Each structure stands twice: as structure tokens, then as C-alpha cells.
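Subject: Structure for your review

Dear colleague,

My notes follow directly below it.

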Amino acid sequence: MTTTDVGIDQLGIYVPRHALPLDRLAAARGVPPEKISVGLGALAMAVPAPWEDTVTLGANAAARALRAGGIAPDEIGLLVVGTETAVDHAKPASIFLHELLGLTSRCRTFELKHACYGGTAGVMMAVDWVRSGAARGRKALVVATDIARYDLGSSAEFTQGAGAAALVIGAEPRLLALDAGTGVYASNVWDFWRPLDRREALVDGKFSVDCYLDALGGALADYRGDAAPVMERMTALLYHTPFPKMAQKAHRRLVEREHPELDPDAQTALFERSYAELVEPWLWLARQAGNTYTASLYLGLAWLAEQRGAALEGRDVGLFSYGSGCQGEFFSGRFVAGSGAHAARIGAAALLADRVLLDVAQYEDFVREGARGGTPSIDDGALCHLTGVSDHKRHYGRQEAIA
Ligand code: CAA
């Protein structure tokens with residue numbers, strides 16, 4: 001097996017149907033709207049309804065991936081869920097998905113955590129599982145699913161969001177072949193964390209930006225070694241995007257690291273040109289859905305793949321995944337021949353077209369109702385829902401057979 005034979009066979013994404021335009025939140029919080037639209041680059045955030053959680057978001061994304069790829073449940077031998085919004089301290093989100101998706105009992109499932117890096121950790125593990133031969137011809141399903149929650153009224157409130165991405169990983173992938181060499185960076189820092197008794201994350205916001213950029217520099221150096229700069233050979237660069245301006249800061253750092261020989265003006269010119277071409281066009285889902293933590297990088301990949309379609313075939317993409325705490329990984333892949341047909345089935349633009357915009361009072365009601373639990377009433381047309389919580393047990397339902 002060659003190193004380019006394993007990768008993403010099909011990608012599916014899901015974002016909640018409800019969204020809050022951030023100019024409405026800015027007005028309610030007394031913040032200038034340009035601080036959010038320009039300063040953070042964010043326009044709206046997806047808001048999970050009381051009948052949605054990381055399990056339902058992940059199951060909906062996974063169902064869409066299996067359906068789009070024509071993949072039967074018995075083809076999946078490994079199901080990994082990466083999330084930092086677990087629904088239980090012991091019972092993994094993956095076992096709920098296993099049932100909702102109708103997977104067979106001949107399947108290994110578990111949940112992984114390393115903040116926003118958990119989805120990528122799952123991808124790397126799944127790729128190794130396939131490459132090692134342990135898959136025995138089966139595929140892995142890696143689901144990155146999260147709800148970004150901060151305290152109401154905090155500056156981080158504008159960087160919330162929700163969504164999921166599901167990646168089917170297999171040999172001879174039909175979408176993106178992943179390169180074997182990756183670059184990693186790990187360091188124990190307190191930039192963002194969520195103690196076990198809290199629903200909302202705690203964050204040292206400005207420090208977290210510095211930690212992210214340090215991790216990017218370290219992972220990029222590990223990826224490149226003594227090789228030539230990567231940006232010249234990439235058709236797109238995707239960065240973990242907690243808020244869109246972060247990707248802009250990341251790309252600036254990458255240009256500085258890749259081209260230290262340039263003076264500051266030349267660096268700025270190169271940054272502006274390459275950002276507009278390689279980075280900015282793929283941030284649209286992040287501008288509209290907000291931070292989706294583990295899923296964020298893969299929402300960018302979904303938008304890129306769907307927007308560029310067959311034009312990407314044979315072209316390389318670079319990806320940077322960051323999880324607070326912290327872990328960074330820079331990796332890359334090549335879109336395979338015929339990938340345009342699979343990209344066209346992701347349906348990302350259609351998800352955004354069908355959204356219901358909330359006002360601030362409705363958003364705050366959803367937050368309060370979601371925190372209370374109970375038996376929600378459902379009206380969003382998605383396949384999988386939380387139907388209630390009783391005796392500390394969560395119950396889920398699906399509208400119809402998925403696969
Ligand atoms: N018009 C235009 N721009 C304005 C403005 C105005 N009226 N007022 C302010 N701005 C700009 C500021 O200049 C600043 O831009 P630069 O960063 O380019 O200088 C930007 O708006 C943000 O303003 P502040 O610096 O005042 O920042 P803030 O106090 O609002 O906090 C934040 C911003 C730190 C990102 C905060 O939202 C936060 O803590 N978010 C959560 C943490 C986070 O997302 N960290 C990212 C790295 S960690 C990670 O990636 C993991 C993860 O997913 C959480």
C-alpha cells in the first residue's frame with residue numbers, strides 16, 4: 001500500500017437549523033457591530049435547540065456522510081467520536097451514534113478528547129488503523145461534534161457556535177488522500193478548559209491566541225523539516241477557526257515562518273495576496289456557524305470541497321488542527337480523481353440556505369431550556385433528536401431509517 005492510499009472517502013457535515021445574527025447580539029450587549037464583523041470576522045453563530053446536543057449533531061452529520069458515500073453500516077469497523085462537549089462522563093457519545101446509525105456489533109467505538117483537536121486525533125488514529133491492515137477491508141467513521149458555550153455577556157460569547165463533521169476514512173479514498181507525514185506540537189498550557197461541573201468553558205482569551213500561534217509554528221516546523229515552504233504547493237490552507245480572524249492571524253504567522261528572508265512590507269504583500277487566494281474563501285461556514293471546536297477545520301474542508309469541486313482534483317491542501325491545552329498538528333492531502341462528484345454531495349450550502357434566524361431573547365431561551373434538560377418538542381426536520389432525559393439517562397430518536 002502506498003502512503004497516498006488512505007484518506008477521507010466521504011465527508012458529511014451538519015449545523016443546527018437555528019442561528020443568531022451577531023449584529024443582533026452586539027446591539028443587545030452594547031458592543032460595536034464592526035468589532036464582531038471585522039474585528040473577529042464573524043457574522044452569525046449556529047444555536048443548538050433544546051432537542052440537539054453533540055450526539056444528535058454528530059449523528060446527523062454521520063448519516064449524511066454514509067448516505068452521500070453510499071456506505072452501508074456493515075462497512076464500518078471503527079467509530080470514533082471526538083468532542084469536548086461530552087454528554088456523560090463515562091458513557092461515550094459514540095455508543096449512541098452506533099445505535100442511531102444502525103452499525104453492527106462487530107465494531108470498535110469510543111470517544112476521544114483533546115479540546116478542539118479531538119476530531120483530528122480520531123482521524124490520525126483511523127488512518128493508522130487502515131494503514132496497519134487491522135481494518136481488514138472495512139472503513140472507519142470519525143465524527144467531530146461540538147457545541148461552543150461561554151458565559152452569557154462574556155467577550156467570548158460572540159465566539160460560540162455548534163456543528164459536526166463526519167469523515168469516513170478508508171483505503172483508496174474517493175475524496176482526499178492524506179499524506180503520511182504530519183507535524184505535531186504539544187505543550188501543557190491553561191488557555192481554555194472546562195471543569196467537570198461546568199457547561200460553559202473557561203478561557204484566557206488573548207493567551208489562547210498566542211498558544212494557538214505557537215502551536216502552529218511548532219507543528220509547521222515539524223511538518224516541514226528542512227523542506228521548502230509548503231504554501232507554494234498548496235491550492236488551499238485550512239486552519240482551525242474559533243473565529244475567522246484567527247485564521248487570518250494564523251496565515252500571517254505561517255507567512256512569517258515560511259518567508260523570514262522577506263522584509264516586513266514584502267511579507268505583508270505576500271500575506272495579503274495568499275490569504276485572499278488560499279484561506280479567505282473557505283471561511284464562509286465559520287463566519288455563519290461560529291466556532292464548532294473539533295468540527296471547525298472540517299467544515300472549512302467541506303466548504304472548500306463543495307465550492308471548488310472537480311477543479312481540486314490532483315491538488316494539495318494543507319490543514320492545521322489546534323486543540324487548547326494544547327496540541328497542534330499540521331497535515332496535508334491531495335484531492336483524488338473523481339473527488340468532485342463526492343464533494344458535490346456534501347450539501348453544505350443547502351444547510352445554510354434553510355436556516356431560521358433567532359432574536360436575542362429566543363437565543364437566551366434556547367440556552368436556558370437546553371441547560372434544564374427535560375422533554376423537548378421538535379420542529380427542525382433533522383433525522384436525529386434528543387427526545388428526553390429521565391433518571392439521568394438520555395434518550396434519542398430518529399425520524400426514519402438512516403442508511
Ligand atoms: N471595529 C473593528 N475592529 C475592532 C473594533 C471595532 N469597533 N473594536 C475592536 N476591534 C478588534 C480589535 O482590534 C481586535 O482585533 P485584533 O485581534 O486584530 O487586534 C478584535 O476586534 C478583538 O477585540 P479584542 O482584542 O478587544 O478582544 P476581545 O476582548 O473581544 O476578545 C477573544 C476576543 C479573545 C477572541 C474572545 O472572543 C475569546 O476569548 N474567545 C474564546 C477564545 C478563543 O476563541 N480563542 C482562540 C484561540 S484558542 C482555540 O482556537 C481553541 C478554541 O477553539 C477555543
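This is a predicted model: local features need pLDDT of at least 70, side-chain atom pairs count only at pLDDT 80 or more; totals for chains, interfaces and linings use all residues.

Residues are numbered from 1 along each chain as its sequence is written, and side-chain values use heavy atoms, with hydrogens and water left out.

The protein holds 13 helices and 17 strands, where helices (H or I, at least four residues) and strands (E, at least two) are DSSP runs numbered from the N terminus. Its C-alpha atoms fill a box of roughly 60 × 55 × 40 Å along the principal axes. Of the 403 residues, 58% count as buried, that is, under 20% relative accessible area with a 1.4 Å probe and protein chains only. Among contacts (heavy atoms within 4.5 Å) with a separation of 6 or more, 77% come from residues 24 or more positions apart.

Helix α7 (residues 244-258) packs against helix α8 (residues 264-279) at an angle of about 130 degrees, with the axes 9 Å apart; axes are lines fitted to C-alpha atoms, for helices over the stretch in contact, and angles run from 0 to 180 degrees between N-to-C directions. That angle makes α7 oblique to α8, since angles under 35 degrees count as roughly parallel, over 145 as roughly antiparallel, 65 to 115 as roughly perpendicular and the rest as oblique. The residues making this contact include His 251 and Val 255 of α7, and Phe 271 and Tyr 275 of α8.

Val 81 sits in strand β4 (residues 76-82) and is buried, its relative accessible area being 0%. Beyond its neighbours within four places in sequence, Val 81 is in contact with residues including Ala 93, Phe 110 and Val 143.

Lys 139 belongs to strand β6 (residues 139-148) and also counts as buried, because its relative accessibility is 15%. Leaving out residues up to four places away in sequence, Lys 139 touches, among others, Asp 9, Glu 75 and Trp 129.

Technical notes
Buried means under 20% relative accessible area, exposed over 50%, partly exposed in between (1.4 Å probe, protein chains only).
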